[in-house]
Amino acid sequence: MYTIRTLNNISQTGLGKLPPAEFTIDPEAANPEGIILRSFDMHQMELPENLLGVARAGAGTNNIPIDKCSERGIPVFNTPGANANAVKELVLAGLLVSSRRIIDGAAWVQSLKDNEDVEKAVEAGKKQFTGPEIAGKTLGVIGLGAIGVQVANAALDLNMNVIGYDPFLTLESAWHLSASVDKAETLEELVSQSDYITIHIPLNDKTRHTFNQELFAATKKGARLLNFARGGLVDHEALKDAIEKGIIARYITDFPTAELLGIENVIVTPHLGASTPESEENCAEMAAVELREYLRYGNIRNSVNFPGCIVPYSGKPRIAISHSNIVNMIGQLGAVFTKHHINIDKMVNNSKGELAYNIIVCDNLPEDENQLIQDLYAIPSVRRVRLLK
Ligand SMILES: NC(=O)C1=CN([C@@H]2O[C@H](COP(=O)(O)OP(=O)(O)OC[C@H]3O[C@@H](n4cnc5c(N)ncnc54)[C@H](O)[C@@H]3O)[C@@H](O)[C@H]2O)C=CC1
Ligand SMILES: O=C(O)CCC(=O)C(=O)O
């Protein structure tokens, strides 16, 4: 029986993928084997002693201490694409709201409540809320992953010109991206040509403050900037300066901070990108299945720190081992299996960055299983050993 702790509200449909005969869901569990979360900040908590796997029901994993998890041989999963449509739809709303003064106009209409002739006041006052059409304008999309590709393609359908920047474009994204999207070689090229800019990259040490003073200096005057990715991608001091100078006409973001509130031409939504019943369900289901398959069989799909590794279950016992990605590990593992007279039926060894992961299916197990596990842990740089029967 595995205990799964939920750190946020997770859709019940998703949790339904974890059968109660094998998994106990407990939001208060002190020492769970699995964690499922959305935006909860795990940097604030100690990793539980028994923790084996973490599943993020969503895309961004900057709220999870990935390095600490890797050190302890704990895979972190996410759910690529499961909320992309929800974010795309909100970005399209953001695009329109950044251009047409819908929010200001609607608030102003409410202020006319006690006016004697509302219709007349509206026709006289509406000119203050004029805003340009997006058709024929250029949208720059930074990051062409699951969300960026959908946004780029949808903007073409709205008759915009679209340019994209993604030096790490995957084959999967390239398959889905319309050939009409132009390629920018640099960020500076993209921002200098775009009337609207939308950011869809992960937040990490390399991307923090992607929008800084230098990039704003290269940005086309009067551009509208949309950030539905993460607040930390934009340096807020540089942003305020760019707004004052008229470089940024409007900033629309899903990531409120106190310093952004009350600034004219800044519109902030309360991190609503994935808040649709459809995407909450999709993400929760995918996260629960990823965690279930890992806990049951050691199989890994969609991990951000571990290599993918899937060996269909055949009824035979298996040993899952993670270790540093260095030379002579297979030799050392093999020696332990020989010592315990284990015949290996199948062995898969995959690596990703500094980590390697094995699933070893065994024809037999030794009598002293504990000694086997101890011997495997005795190999320097082995991080985690799991015997799954
Ligand atoms: N507002 C919300 O509720 C949501 C926000 N997000 C945010 O959006 C981000 C993107 O999500 P997805 O598209 O699903 O992720 P993804 O992993 O499919 O796409 C990210 C893309 O960014 C590219 N990239 C990485 N570093 C880059 C750089 N320095 N310059 C240009 N491109 C770069 C990658 O090559 C990849 O194609 C997530 O990391 C998350 O932070 C995601 C879902 C919901
Ligand atoms: O789960 C959420 O509400 C946020 C989704 C998100 O930010 C993400 O998937 O990166």
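**Notes on the predicted model**

1. The shell around ligand 1 comprises 18 nonpolar, 12 polar and three charged residues; here Ala, Val, Leu, Ile, Met, Phe, Trp, Tyr, Cys and Pro count as nonpolar, Asp, Glu, Lys and Arg as charged, and the others, Gly among them, as polar. The structure is a predicted model, in which local features need pLDDT of at least 70 and side-chain atom pairs count only at pLDDT 80 or more, while totals for chains, interfaces and linings use all residues. Residues are numbered from 1 along each chain as its sequence is written, and chains are lettered from A and ligands numbered from 1 in the order in which they are written.

2. Of the 33 residues around ligand 1, those that come nearest are Gly60, Gly143, Gly145, Phe168 and Gly273 (a residue is near a molecule if its C-beta atom, placed from the backbone, lies within 6 Å of it). Two or more residues of this shell come from each of helix H3 (84-99) and helix H6 (146-157), and H6 gives the most, with three residues. Helices (H or I, at least four residues) and strands (E, at least two) are DSSP runs, numbered from the N terminus.

3. Ligand 2 is surrounded by Arg38, Ser39, Gly58, Ala59, Gly60, Asn83, Gly273, Ala274 and Ser275. By class, its shell has two nonpolar, six polar and one charged residues.

4. The domain assignment divides the protein chain into domain 1 (1-83 + 275-306), domain 2 (84-268) and domain 3 (309-389); such bounds come from an automatic or database assignment. Domain 1 and domain 2 each supply at least three residues to the shell around ligand 1.

5. Between domain 1 and domain 3, the C-alpha centres lie 24 Å apart. Their contact takes 10 residues from domain 1 and 15 residues from domain 3, where contact requires C-beta atoms, placed from the backbone, within 7 Å. The side of domain 1 that touches domain 3 has three nonpolar, five polar and two charged residues.

6. UniProt, in an unreviewed entry, places the feature "domain: ACT" at residues 318-389; such annotations may be inferred rather than shown by experiment. Over residues 318-389 the chain is 28% helix and 43% strand, with the end C-alpha atoms 7 Å apart.

7. The protein chain as a whole has 13 helices and 16 strands, and its C-alpha trace spans about 90 × 45 × 35 Å along the principal axes. Among contacts between residues at least 6 apart in sequence, 64% join residues at least 24 apart.

Key. Two residues are in contact if their C-beta atoms, placed from the backbone, lie within 7 Å.
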